[in-house]
Amino acid sequence: MTAEEIRTRGESRLADVRDRLARLEADAPKDSDALLRDVDELQLAMTNVTSQLGVLVNVHPDLAAREACEKIQLEATKLNVRIAQSRPIYDALSAIDQGKLDPHARRAVELTLMDMKRAGIALDETKRKHAQELRERITQLSQTYSRNLRDDVRTVELPLSALEGTPADYRGAHPAGADGMVKVTTDPPDMAPLMAYSKDAAARLALSKAYFDRARGNIEVFDQLRHARHELAQALGYPSFAAYNLEDKMMGSPENLDRFLDDVRAAAKAPAERQYAALLDIARREDPSTQRIGAWDTQYYVARAKDERFHFDPREVRPYLEYNSVRQAILDLAAQLFDLTFTPYDPEEIWHEDAEHFSVTLNGKPAGFITLDMHPRPGKNKWATSFGYKLGLKDRQLPHNVLVCNFPDPKASKGPALMEHQQVVTFFHEFGHLVHGIVRGNVVEWARLGRPAENDFMEAPSRFLEDYVFELDVLRRFAKHVETGAVIPEDLVRRLQAARDFGDGVQVEQMTMRSRQSLRLHDDANIDRDCRTIAREVAERETRFELLDVTNWPANWEHMSSEAYAAAYGTYVWSDTIAADIRTGFTNGLMDIDAAHRYRDLVLAPGGNIPAADAVKNFLGRPYNTNAFKERLAKSG
Ligand SMILES: [Zn+2]
C-alpha cells in the first residue's frame, strides 16, 4: 500500500461519505426503518475510513504514507463533525417513534443522538463552526503529539558492566563496541530487561532519564491540546474537558472517578506500605544510604523481592518463552476457550512484510481476520495496542483486528527471540482485545453498536485474559526450554504463581496516581498551568517513590493523545476491578470451557448492544462490584 494508494482510496471513500450525507440531508427517508438503515450505512462508511487510517498511521514504514494518513484523518475529522452536527439528520432521528423500535435499534438511535449533542448540535451556527474548528485543531495537535513520540528513540551508551544481571541472550545481543561501551535504546523490548535486571543503578537511572526526556516538543503541544480540549468542552456547555470526557463512560463524571480512585487507594494502602518497606529493605542492603526508591526502579526491586520471598526469578522463565511458541500458544488457547480457529493467509495488500495475517472462524464459520504486527521498527508505534482495522457487523462485514506490538523479533535477534514473562502477559492482554473485536463483530448489527459504548469497559476483557499466562495447564503446553526442549517445571510455575501478585499494592497506587494525573491535567482549574507542574503535584501527593528531578512527563505519555484515555486513564484500574469480578464467575477454574463460552456469549458478544454493566451482570447473575479486586489486593503480600 503506497502513500498514493492511501490518498486516492481515502479521498474516494470520503467522497462517498459526503454523497451519502448530502442525500440524507436533502431527502431523509420518512420511513423510520429506511432512515435508520441510511444513517447506519453512513456511520459504517465513515468508520471504514477512519479505522484503516488509525492503523496505517501507526505502522506504515513509509513516512509519506503516514503523512498521507494524517491528512485524510484530518479531512475525516471535519466530515465527522459535519455529520454529528447535521440538523436534518438530528431532526429526522428525533422524530422517530422510539417505542416502535427493537431494543438494539433504539439504543443505536439514542447513542447517535447523544453523540450529536456532544458534538454541539444544539449550538447556534457560529458556535457550531467554532466547535468544528476546535475539533480540527485537536486532531492536528494529537497527531503531532503521537508523531513526536513515534519518531523519538534515544540511544544510551553504557559501560559493559551495566549488563551485569541481565539475561544471557540479552547480553549476547548487546556486544561492546571498540570503546568498551554498549548501546541500549528506549525501544520497549530493548529497555525492559535492563530496567528489570541490571545491577547498575546508574545505568537504570540513565536509561530512565533518556526515556522520560523524549518528545520535549510535546510539552507545548500537550498544553495547547489540553487548552483546545478545554475550550471545546466549555463551548459545548461542560465545566471542564474532564467532565466531557468521562460523561459517556461507565465512570460518568470526574467526581465519580475521584471517589473510585480514593476507594481503591484506601484498599491498596496497607499492602503498599508492607511492600514498599520490603523493597526499601532490599535497597538499603545494597546501598545503606538509600532514602527512597526511585519510581523508575520499582520493577527492579519488585523482581528482587519476588526472588527473595518466593525464590522466583523471571530470568528462569525466559528460556521457556520464545516468541514463535508463545504466539502459537495464544492462538491455540483462543481456539480451545472460544472455538476460534486461525489460518495463515496472504492478503492482497500489506503495509510491511513482517506482519502476519490469519483468517478466523468461529464455531466453524468464517468470522473475520486478524493481523499480528509484533516487532519494533523505525517509525512504528512504540506501544502495544489492538486496533480495529475493519468493524465487524453481522452478515454485512467481517471484522478485521490488528495487534501492533514491540516484542523481540525472531528474524532480527542474534539468538532466540526470548520474551519476558511480563511481555507474554502483554501479548495475552492485547489478544484479549482482539478476541473481543472478532466475537462481537459477528453479532452486532448496527455500526454505532460495533463496540461497547463505554470505553472504560474496554480493558476488562484484556485484563481478564492476562491471568491465563499463569495457569499451569496453559504454560505446560507451550513453554519448552529453548535449548533442551524440556517442558517448564511445575515447581517453577508454582513459584511464578506464588509471586504473581506481590507488588500489586505499590503498583495499584502508581496506577491510581497516574489516573489522577490524567484527570487533573484536564481539570478546569489547571488548564493554564504547565502540564509538568500538574503531574508533579499529583505525584508528590500520591506516590511513595522518588521522582526524576528533570523530566518531560507527561509530554511523553502515549495515552494522552487519545480521547479514549485523556482524562480517563483510570480506565485501567476501573477495568481491573471488573476483570477481577469476572474471574469469580469461573468457579471451576479458568480452563472451564462452559464458563468460557458463557463469558464469550454474554460479556464479549453483545458489544454495544447493551450497557457494559448489564453484560457483566448477565454473566455473574448480579451487579459487578470491587470486592474480588480488593480481596486479591489485600493478599498481594
Ligand atoms: Zn489494553
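1. The side chains of Glu157 and Lys183 form a salt bridge, with N and O 4.0 Å apart. A salt bridge here is a side-chain nitrogen of Lys or Arg within 4 Å of a carboxyl oxygen of Asp or Glu. The two partners come from distant parts of the chain: Glu157 from strand β1 (residues 155–159) and Lys183 from strand β2 (residues 181–185), 26 residues apart. Helices (H or I, at least four residues) and strands (E, at least two) are DSSP runs, numbered from the N terminus. Glu157 is partly exposed, at a relative accessible area of 41%, whereas Lys183 counts as exposed at 52%. Buried stands for under 20% relative accessible area, exposed for over 50%, and partly exposed for what lies in between (1.4 Å probe, protein chains only).

2. On the source: this is a predicted model, in which local features need pLDDT of at least 70 and side-chain atom pairs count only at pLDDT 80 or more, while totals for chains, interfaces and linings use all residues. Residues are numbered from 1 along each chain as its sequence is written, and side-chain values use heavy atoms, with hydrogens and water left out.

3. The structure holds 58 salt bridges. One of them joins the side chains of Glu349 and Arg9, at 2.5 Å from N to O. This pair, too, links distant parts of the chain, 340 residues apart: Glu349 sits in the loop between β3 and β4, and Arg9 in helix α1 (residues 3–26). Glu349 is partly exposed, with a relative accessible area of 31%; Arg9 is also partly exposed, at 23%.

4. Arg495 makes a salt bridge with Glu316, where the closest N and O atoms are 3.1 Å apart. Arg495 belongs to helix α19 (residues 490–499) and Glu316 to helix α14 (residues 314–317), so the pair ties together parts 179 residues apart in sequence. Arg495 is buried, with a relative accessible area of 16%, while Glu316 is partly exposed at 35%. Elsewhere, salt bridges with shared partners connect Asp258, Asp262, Arg265, Arg516, Arg520, Asp523 and Glu542 in one network.

5. The zinc ion has His429 (NE2), His433 (NE2) and Glu459 (OE) as its protein donors, lying 2.1 Å from it. Donors are N, O and S atoms within 2.8 Å of the metal (3.2 Å for Na, K and Ca); water is not among the atoms, so sites may look incomplete. The spacing of the donor residues in sequence is H-x3-H-x25-E. His429 lies in helix α16 (residues 421–440) and Glu459 in the loop between α16 and α17 (460–466), so this pair ties together parts that are 30 residues apart in sequence. Both His429 and Glu459 are buried.

6. Five strands make an open sheet in the order β3-β4-β5-β7-β6, with mixed pairing. Two strands pair if DSSP finds at least two bridges between them. At the edges are β3 (340–344) and β6 (385–390), each pairing on one side only. From one strand to the next the twist averages 25 degrees.

7. Within this sheet, β5 (residues 365–373) and β7 (residues 400–404) pair in the parallel sense over five bridges. Asp373 stands opposite Val404 in β7. Helix α15 (residues 323–338) packs on the sheet and touches β3, β4 (356–362) and β5; its direction makes about 140 degrees with that of β3. Contact means heavy atoms within 4.5 Å. Axes are lines fitted to C-alpha atoms, for helices over the stretch in contact, and angles run from 0 to 180 degrees between N-to-C directions.
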